Amino acid sequence: MKLQALIFDVDGTLADTERDGHRPAFNAAFAELGLDWHWDVARYGELLAVTGGKERIRFFCERHVPEFLHRVDAEARIRELHAAKTRHYVALCTQGIALRPGVESLLREAHAAGLRLAIATTTTPENISALLTPDLLALFEQVGAGDTVAHKKPAPDIYLWVLEQLALPAAACLAIEDSANGLTASRAAGLATVITRTAYTDDHDFSGALALLPDLGQVTVPLLRHWHETAYGSDNKS
Ligand code: XBP
Ligand code: MG
């Protein structure tokens with residue numbers, strides 16, 4: 001089956017957003033709501049084991065501030081913190097968070113070559129429209145994000161949702177990811193996956209990845225088509 005669609009992760013893949021984007025946004029939300037919590041670079045790297053901002057706050061509390069979860073309004077406060085964090089992150093994005101090397105040119109090349117583009121991410125939908133310019137966002141036919149599904153990565157749910165919206169089998173697609181959680185999710189959905197690692201994911205186990213890259217700077221559509229054939233076999237021409 002020939003390659004018909006590319007499904008991109010967002011954070012760490014389209015842009016290196018975690019250390020200097022999401023992390024300061026969380027810290028700004030904590031300060032705004034009067035909490036003395038501060039996630040430094042190392043602590044945030046620990047917390048990235050859990051995807052989803054609300055889930056990550058809850059994980060932090062379980063590990064470091066368990067009494068916070070005993071409050072009757074704990075879930076409401078987590079939602080309030082996350083809404084504030086999203087506001088701060090969107091504001092940071094409007095100041096400009098650069099896309100990773102090769103991302104914009106590959107998106108435009110792939111779209112021009114007739115490949116369908118989609119997003120499968122754990123992040124909140126507003127964050128995507130804040131990160132991408134309207135003309136780049138318009139290249140994506142489907143955007144699966146945040147609470148669209150109940151179970152976030154490493155569960156495959158968001159990738160399965162995107163495949164359903166595309167009405168394509170996994171064998172007609174490639175996923176592009178940056179983390180072990182993302183790879184586990186995409187592989188569980190049956191997707192061959194190209195990995196572009198980040199400083200936070202450099203030491204992750206990427207067994208099962210189709211290719212392991214520093215970034216997308218040298219990646220072209222013909223190369224993706226070649227990798228797709230090696231993954232799914234070239235005899236499968238339908
Ligand atoms: C990365 C995530 C997200 C972001 C924070 O998503 O796990 O939770 O860290 O964004 P992906 P939110 O790599 O799947 O793009 O606070 O909006 O969840
Ligand atoms: Mg990611």
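So, is V162 buried or exposed? V162 counts as buried, at 0% relative accessibility. By buried I mean under 20% relative accessible area, with exposed over 50% and partly exposed in between, using a 1.4 Å probe and protein chains only.

Quick housekeeping. This is a predicted model, where local features need pLDDT of at least 70, side-chain atom pairs count only at pLDDT 80 or more, and totals for chains, interfaces and linings use all residues. Residues are numbered from 1 along each chain as its sequence is written, chains are lettered from A and ligands numbered from 1 in the order in which they are written, and side-chain values use heavy atoms, leaving out hydrogens and water.

Back to V162. You'll find V162 in helix α8, residues 157–166; helices here are DSSP runs of H or I with at least four residues, strands are runs of E with at least two, and both are numbered from the N terminus. Leaving aside residues up to four places away in sequence, V162 touches I7, A118, I119, A120 and G144, where contact means heavy atoms within 4.5 Å. Take I7: V162 and I7 are 155 residues apart along the chain, yet their C-alpha atoms are separated by 8.1 Å.

Next, helix α5, residues 103–112. Its buried residues are V103, L106, L107 and A110. Looking down the axis of α5, those buried residues fall within an arc of 100°, so they line one face of the helix; the arc is taken from the directions from the helix axis to the C-beta atoms. And what do they pack against? The buried residues of α5 pack against β1, β2, α7, β3 and α10. After α5 comes G114, with a positive phi near 90°.

α10 also holds H228. H228 is buried too, with a relative accessible area of 1%. Its contacts, again not counting residues up to four places away in sequence, include M1, K2, L3 and C173.

Last up, a helix pair. α1, residues 18–32, packs with α4, residues 74–94, at about 130°, with axes 8 Å apart. Axes are lines fitted to C-alpha atoms, for helices over the stretch in contact, and angles run from 0 to 180 degrees between N-to-C directions. That makes α1 oblique to α4, because under 35 degrees is roughly parallel, over 145 roughly antiparallel, 65 to 115 roughly perpendicular, and the rest oblique. On the α1 side, the residues meeting α4 include F26 and F30, and on the α4 side, Y89 and L92 are among those in contact.
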